[in-house]
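Subject: Handing over a structure, with notes

Dear colleague,

I am passing a structure on to you, and below it you will find my notes on what was found. Please read them with the structure open beside you.

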Amino acid sequence: MTHFSKEVWCNYILDLLSNSERESMEQHLYECDHCLALYMEIIDEQNENLPMINDSSFTNEVMEQINFEALESEEKMSKKQPRQIKSTLIHYIIATAATLIFMASGLFHYIFTVTSSFEQSSKQSGVSISKQILNKTIHTSKTNGGSKHE
Ligand SMILES: [Zn+2]
């Protein structure tokens with residue numbers, strides 16, 4: 001079995017050979033582990049020397065594009081987000097203010113009715129509120145004590 005040299009394999013990889021030569025080399029590659037190893041070695045070397053993949057300027061260009069796109073999307077997001085936050089804040093404030101107004105008006109109305117009813121009852125009976133409360137507590141304690149003893 002005659003092996004092919006590294007240079008010939010280089011020419012094969014670089015597609016510099018005729019079709020008949022290529023076919024015979026491909027056939028040899030299937031049968032010969034030594035030439036397969038040599039072929040793989042040359043491919044590795046070729047990959048290291050490939051300008052497109054390992055060129056730092058190319059990768060930098062790609063990275064810059066990615067960064068630019070990312071920044072652009074971030075800008076869009078930052079432009080959208082404050083508006084959304086502001087609108088939700090305004091809605092929240094309005095809702096809170098409305099709730100507070102309703103609560104306060106309801107509370108004031110309740111306080112007003114309670115005090116007016118107290119005033120009316122005290123005027124009608126001619127007895128002070130403190131005496132009324134005192135009478136009520138005495139009455140309830142009497143009934144409780146009576147029920148316990150009986
Ligand atoms: Zn061989």
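UniProt positions are given in the numbering used here, feature names are shortened, and annotations may be inferred rather than shown by experiment. With that in mind, the UniProt annotation "transmembrane region", which comes from an unreviewed entry, covers residues 89–112.

Two points on how to read the model come next. Residues are numbered from 1 along each chain as its sequence is written. This is a predicted model, in which local features need pLDDT of at least 70 and side-chain atom pairs count only at pLDDT 80 or more, while totals for chains, interfaces and linings use all residues.

The pLDDT, which is the predictor's confidence in each residue, from 0 to 100, averages 76 for the protein chain, and 71% of the residues score at least 70. Confidence is lowest in helix α4 (residues 51–54), with a mean of 54, and highest in α2, at 93.

The protein chain has six helices and zero strands, and from the N terminus on its elements run α-α-α-α-α-α. Buried residues (20 or more other C-beta atoms, placed from the backbone, within 10 Å of the residue's own; exposed means 12 or fewer, and partly exposed in between) make up 2% of the 150 residues.

In helix α2, the number of buried residues is zero out of 13, so this helix lies largely in the open.

Asp-15 has a positive phi of about 60° although it is not a glycine. Most residues other than glycine have a negative phi.

Leu-38 lies in helix α3 (residues 33–49) and is partly exposed, because 19 other C-beta atoms lie within 10 Å. Leaving aside neighbours within four places in sequence, Leu-38 is in contact (C-beta atoms, placed from the backbone, within 7 Å) with Lys-6 and Trp-9. Leu-38 and Lys-6 are 32 residues apart in sequence and 6.8 Å apart in space, C-alpha to C-alpha.

With best wishes

Definitions and conventions: Helix = DSSP H or I, 4+ residues; strand = E, 2+ residues; numbered from the N terminus. Contact = placed C-beta atoms within 7 Å.
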